[in-house]
Amino acid sequence: MVGALESTIIAVANQKGGVAKTTTSVNLAALLAAAGKRVLLLDMDPQGGCAVCLGMNTTTMERSIYDALVKPNVQISEVLVPTDFQFDLAPANIDLAGAEIELKQALAAETVLQRKLKPVLNSYDYVVIDTPPSLGILTVNSLTAANKVLIPISAEYMALRGLRMLLDTLENVREVTNPGLAIMGILATRYDGRTINSREVYEYLREFCKREGIHLFPQVIKQSVRFAEAPGYQTPLALWRKEVDGAKQYQKVAEEVINGKV
Ligand SMILES: Nc1ncnc2c1ncn2[C@@H]1O[C@H](COP(=O)(O)OP(=O)(O)OP(=O)(O)O)[C@@H](O)[C@H]1O
Ligand SMILES: [Mg+2]
């Protein structure tokens, strides 16, 4: 008997700010969708960066992921919005900051997203979850709902601090709420090959991943001003300027994800 096709739920997580979680989530979702996959991009960050990158206004949205998380009668299907890029978005806005407190009072607070996500999983091959720069309840919900976690790390010394804490959190989640959670890999971002710093950090990551048995994506994402420009054009870079290096690099990452090597 052929088993039911299961969705791959990827949490893009790192409690350090500015390491390209949102950039990675948006570009990966766009490229998976462009490859014909059915994709949901789910924003679990009150900063609402996913919608911003896609040119959508979060302040005028009637509903957001916040409503689905804290209101028992609101389903995720009711907060989804189609994007111009053949995938759906569960948008977030600043309301979600309140969920940090409200969720703490919920029963089995860590599993709210997992439970809410279940009914829509049949509709998607991939769910990509963008998480906030913290290890609070919103990130723990994301890690509990996911079956894989992709860890972007910007190639600088400061970004390595906290990696151990993140891995401990993943271990904790595995023990308590989600034994099936696997690390998809570490993705080096904002890599500047001209600097010794970036190269040393990458070498360190290579050693570290080997020692820990963690996949390190062979494709690095290089530092490029194009990434900061892209949101201004309201299109993920990988679709807006397919010919630029950054787009090609994310394409390689998306191919590795689709080929199921990770
Ligand atoms: N490869 C890159 N080269 C240069 N700039 C980049 C690159 N990737 C992302 N950026 C820029 O770095 C900034 C932070 O990126 P992003 O918002 O994706 O990080 P984040 O981890 O989601 O941040 P936060 O923790 O605040 O959610 C943005 O201005 C983005 O455009
Ligand atoms: Mg972000």
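Which of the 18 residues around ligand 1 come nearest? I looked this up first: they are Lys-21, Thr-22, Thr-23, Arg-190 and Ser-224. A residue counts as near if one of its heavy atoms lies within 4 Å of the molecule.

I noted that this is a predicted model, where local features need pLDDT of at least 70 and side-chain atom pairs count only at pLDDT 80 or more, while totals for chains, interfaces and linings use all residues. Residues are numbered from 1 along each chain as its sequence is written, chains are lettered from A and ligands numbered from 1 in the order written, and side-chain values use heavy atoms, without hydrogens and water.

**Ligand 1**

I checked polar contacts (pairs of N or O atoms within 3.5 Å). Polar backbone atoms of Gly-18 and Ala-20 each lie 3.0 Å from an oxygen atom of ligand 1. A nitrogen atom of ligand 1 is 2.9 Å from a backbone N or O atom of Ser-224. Of the 630 Å² of accessible area (Shrake-Rupley method, 1.4 Å probe) that ligand 1 has on its own, the protein covers 80%.

**Helix α12**

I then turned to α12, residues 245-258; a helix here is a DSSP run of H or I with at least four residues. From first to last C-alpha α12 reaches 20 Å, close to the 20 Å expected at 1.5 Å a residue, the expected span being 1.5 Å times one less than the number of residues. Its buried residues (under 20% relative accessible area, 1.4 Å probe, protein chains only) include Tyr-250 and Val-253. The buried residues of α12 pack against elements including β1 (8-12) and α1 (21-34), where contact means heavy atoms within 4.5 Å. Gly-260 follows α12 and has a positive phi, near 70°.

Conventions. Helices (H or I, at least four residues) and strands (E, at least two) are DSSP runs, numbered from the N terminus. Buried means under 20% relative accessible area, exposed over 50%, partly exposed in between (1.4 Å probe, protein chains only). A polar contact is a pair of N or O atoms within 3.5 Å; within protein, one must be able to donate a hydrogen and the other to accept it, and residues adjacent in sequence count only if both atoms are side-chain atoms.
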